[in-house]
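Subject: Handover of a structure

Dear colleague,

Please find the sequence and the structure below. A summary of the findings follows them.

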Amino acid sequence: MATAPGTELDKRTGAALDTHDEPSVEWGWHGHFPRATKIMGWVSVIAMLGMLIGNHTGWNEDVYLILTALFMAGALIRWQIKDRTSWRN
């Protein structure tokens with residue numbers, strides 16, 4: 001596949017990346033922040049559980065807060081396990 005000099009290639013597909021579609025190609029960074037994402041996920045779980053403390057009297061909002069926090073914690077734990085055992089797939 002012939003590309004223009006200095007054109008970035010997608011590592012998965014081998015296709016040329018257009019700087020209009022993905023502007024970060026121009027300055028060479030195309031990454032993610034997995035560690036920061038996990039940390040902020042746990043901060044969100046703690047914040048959800050912290051919202052249980054308050055002046056509300058019903059259990060309806062408590063159920064939704066707890067279920068959302070459990071779902072997020074489960075997803076974060078699953079992500080951590082998958083990262084540790086990804087070489088086995």
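Lysine 38 is buried, with a relative accessible area of 16%; buried means under 20% relative accessible area, exposed over 50%, and partly exposed in between, using a 1.4 Å probe and protein chains only. Please note that this is a predicted model, in which local features need pLDDT of at least 70 and side-chain atom pairs count only at pLDDT 80 or more, whereas totals for chains, interfaces and linings use all residues. Residues are numbered from 1 along each chain as its sequence is written, and side-chain values use heavy atoms, with hydrogens and water left out.

Lysine 38 belongs to helix 1 (residues 34-50); helices are DSSP runs of H or I with at least four residues, numbered from the N terminus. Leaving aside residues up to four places away in sequence, lysine 38 touches Leu76, Trp79, Gln80 and Asp83, where contact means heavy atoms within 4.5 Å.

The structure holds one salt bridge, a term for a side-chain nitrogen of Lys or Arg within 4 Å of a carboxyl oxygen of Asp or Glu. Lysine 38 forms a salt bridge with aspartate 83, and the closest N and O atoms are 2.5 Å apart. Because lysine 38 lies in helix 1 and aspartate 83 in helix 2, the pair ties together parts that are 45 residues apart in sequence. Aspartate 83 counts as partly exposed, at 38% relative accessibility.

The buried residues of helix 2 are Asp62, Leu65, Ala69, Ala73 and Leu76, and helix 1 is included in what covers them.

The largest nonpolar core has six residues: Val45, Met48, Leu65, Ala69, Ala73 and Leu76. Such a core is a set of buried Ala, Val, Leu, Ile, Met, Phe, Trp, Tyr and Cys residues joined through side-chain atoms within 4.5 Å. Helix 2 gives the most to this core, with four residues. Methionine 48 touches Leu65, Thr68, Ala69 and Met72, again not counting residues up to four places away in sequence.

Tryptophan 59 is found in the loop between helix 1 and helix 2, and tryptophan 59 is exposed, with a relative accessible area of 64%.

Yours sincerely

Conventions: Helices (H or I, at least four residues) and strands (E, at least two) are DSSP runs, numbered from the N terminus.
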